[in-house]
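Trainee: Could we go through this structure together? I would like to ask about it bit by bit.
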Protein chains: 2
Amino acid sequence: MTYCVALRLDQGLLFMSDTRTNAGVDNISTFKKMFNWSVEGDRVITIMTAGNLATTQAVISLLDERSVVPADRKQTLLAAPTMFQVARLVGDTLKEVIHSQAEGQQESESTFSATMIVGGQIRGMEPRLFLIYPEGNFIEASEETPFFQIGETKYGRPIILRAFDPTMSFEEAIKLLYVSFDSTLKANLAVGMPLDMHAYKIDTFETGILSRVPPEDPYFKVISSGWGEALKEAFDKLPDFKF
Amino acid sequence: MTYCVALRLDQGLLFMSDTRTNAGVDNISTFKKMFNWSVEGDRVITIMTAGNLATTQAVISLLDERSVVPADRKQTLLAAPTMFQVARLVGDTLKEVIHSQAEGQQESESTFSATMIVGGQIRGMEPRLFLIYPEGNFIEASEETPFFQIGETKYGRPIILRAFDPTMSFEEAIKLLYVSFDSTLKANLAVGMPLDMHAYKIDTFETGILSRVPPEDPYFKVISSGWGEALKEAFDKLPDFKF
């Protein structure tokens, strides 16, 4: 399992992902699920992945390889003219990989399935955020729903629905995602620390603040224990039921 | 989909269920998913159901029918000597029904699957709470995990994990379940009002307070809107992230 979230803020884009992959509960490892590309002054692109690890690694490798083969230049992350074209490239690559892995196998394509979030900004245009389906098609984040989650989305969703506001600062938004991740980590063993984070400030066209949050991160601990108490206080403040 | 929760409190047992059933999103109806039996002075039994409606209705009908056919008396909800035997009876009936419905069909048994929560108290013994699997076997609520959820369990789970305490009063516990149901209702259209509730006070051996909570219930509205604000306040009180 996996948990990744991307928020579209007025201040920019915020990405966070966990790093646990598992086959059953007795075969767990740590793998990066967040990948960044940038051409300073021109574009920043971040991709987060959920699903079959062989599939997602193949997709990322293909995208990377295409970026360095000059003949294919137009079809690369670093040369695509718009974020829409970037999303299309990622979607097509994902569809291709799933098809080729499933070919000649008895298992259905769903075994090799994966979902991705693609976000970034290209000079002269707004930052954009896409959710890519295994079929290769995609949707874009809108004013009404300016965020995407993939993987184990349910435990951490209520707090995002209640507290997210695109006008919030990066500092508040990171706090929100820590709370959302904490609820998910507590409930699903297949989501695990460390977390990867990328905070991209709008119109800077360079990789923003990248950081890896280890299990012993002091601020994460403050949020994790503080949120339990804050929730209980909030709960106590509501009026009790009366028979 | 469905959402049902049962809590084992020091004061007794608390059951809550939604009433929405659906086949797709364009075929929804309201059906009871909570069923109560009692013999005053001797026993109180509550069953809540999730899964295939044809299966769960058949199970409840069979359990009801057995209760009135004198020849089968020992194998009835109303005559079983212990709550363990009650759980076994429910589990066996559920397994039987799923098998018979799946027989000769192309679909796998999982199509006809269902899960149930059984709780109650028989004179001379403690109140007990069981979760019955489609295979007919079951587990019992323990000191460490004195509650069960079935159906769409994820959205409403974090608040129960954080705030539930078996020593809490019925009044607080009902508030807790309202919050948990509110988070679930907001996130999954296949869980819907009205809610059914049964609060059974320990050692009374009679049906406790039964009530149906309609969408316009004023206390539910207070909790629903109050919780949003309380969450935001709690969230604001946590320290922001610092770069």
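Trainee: Where in chain A is A:Pro194 found?

Mentor: A:Pro194 is found in the loop between helix H4 (170-187) and strand E11 (195-201) of chain A, where helices (H or I, at least four residues) and strands (E, at least two) are DSSP runs numbered from the N terminus. Before we go on, note that this is a predicted model, in which local features need pLDDT of at least 70 and side-chain atom pairs count only at pLDDT 80 or more, while totals for chains, interfaces and linings use all residues. Residues are numbered from 1 along each chain as its sequence is written, chains are lettered from A and ligands numbered from 1 in the order in which they are written, and side-chain values use heavy atoms, with hydrogens and water left out.

Trainee: What kind of peptide bond joins A:Met193 and A:Pro194?

Mentor: A cis bond, with omega at about -5°. In chain B, the bond from B:Met193 to B:Pro194 is cis with omega near -10°, and B:Pro194 is found in the loop between helix H4 (170-187) and strand E11 (195-201) of that chain. As background, most peptide bonds are trans, and most residues other than glycine have a negative phi.

Trainee: Then what is phi of A:Asp203?

Mentor: Phi of A:Asp203 is near 60°, a positive value in a residue other than glycine, and A:Asp203 sits in the loop between E11 and strand E12 (209-213) of chain A. In chain B, B:Phe205 has a positive phi near 50° and is likewise not a glycine; B:Phe205 is in the loop between E11 and strand E12 (209-213) of chain B.

Trainee: Is B:Phe205 buried or exposed?

Mentor: B:Phe205 counts as buried because its relative accessible area is 5%, given that buried means under 20% relative accessible area, exposed over 50% and partly exposed in between, with a 1.4 Å probe and protein chains only.

Trainee: Switching to the two chains, how many residues of chain B are in contact with chain A?

Mentor: On the chain B side 43 residues are in contact with 43 residues of chain A, contact meaning heavy atoms within 4.5 Å. The area buried between the two chains is about 4100 Å², with carbon and sulfur atoms giving 71% of that; buried area here is the accessible area (1.4 Å probe) that two parts lose on being put together, summed over both.

Trainee: And which residues in chain B lose the most area to chain A?

Mentor: Those are B:Arg162, B:Phe235 and B:Phe241, which together account for 22% of what the chain B side buries.

Trainee: B:Phe235 is in a helix, I think, so which residues of H5(B) does H5(A) meet?

Mentor: On the H5(B) side they are B:Trp227, B:Ala230, B:Leu231, B:Glu233, B:Ala234, B:Phe235 and B:Lys237, and the H5(A) residues that meet them include A:Trp227 and A:Phe235. By class, this contact has 10 nonpolar, no polar and four charged residues, where Ala, Val, Leu, Ile, Met, Phe, Trp, Tyr, Cys and Pro count as nonpolar, Asp, Glu, Lys and Arg as charged, and the others, Gly among them, as polar.

Trainee: At what angle do the axes of those two helices cross?

Mentor: The axes of helix H5 (residues 218-237) of chain A and helix H5 (residues 218-237) of chain B cross at roughly 145° and come within 9 Å, the axes being lines fitted to C-alpha atoms, for helices over the stretch in contact, with angles that run from 0 to 180 degrees between N-to-C directions.

Trainee: New topic: how many disulfides does the structure hold?

Mentor: Over all chains there are zero disulfides, a disulfide being a pair of cysteine sulfur atoms within 2.5 Å. A:Cys4 is buried, with a relative accessible area of 0%, and B:Cys4 counts as buried at 0% relative accessibility.

Trainee: What does B:Thr49 contact?

Mentor: Leaving aside neighbours within four places in sequence, the contacts of B:Thr49 include B:Cys4, B:Phe35 and B:Ile150. B:Thr49 lies in strand E6 (residues 43-51) of chain B and is counted as buried because its relative accessibility is 4%.

Trainee: And where is B:His198 found?

Mentor: B:His198 is found in strand E11 of chain B and is buried, with a relative accessible area of 0%. Among the residues that B:His198 touches, not counting those up to four places away in sequence, are B:Phe15, B:Asn36 and B:Thr207.
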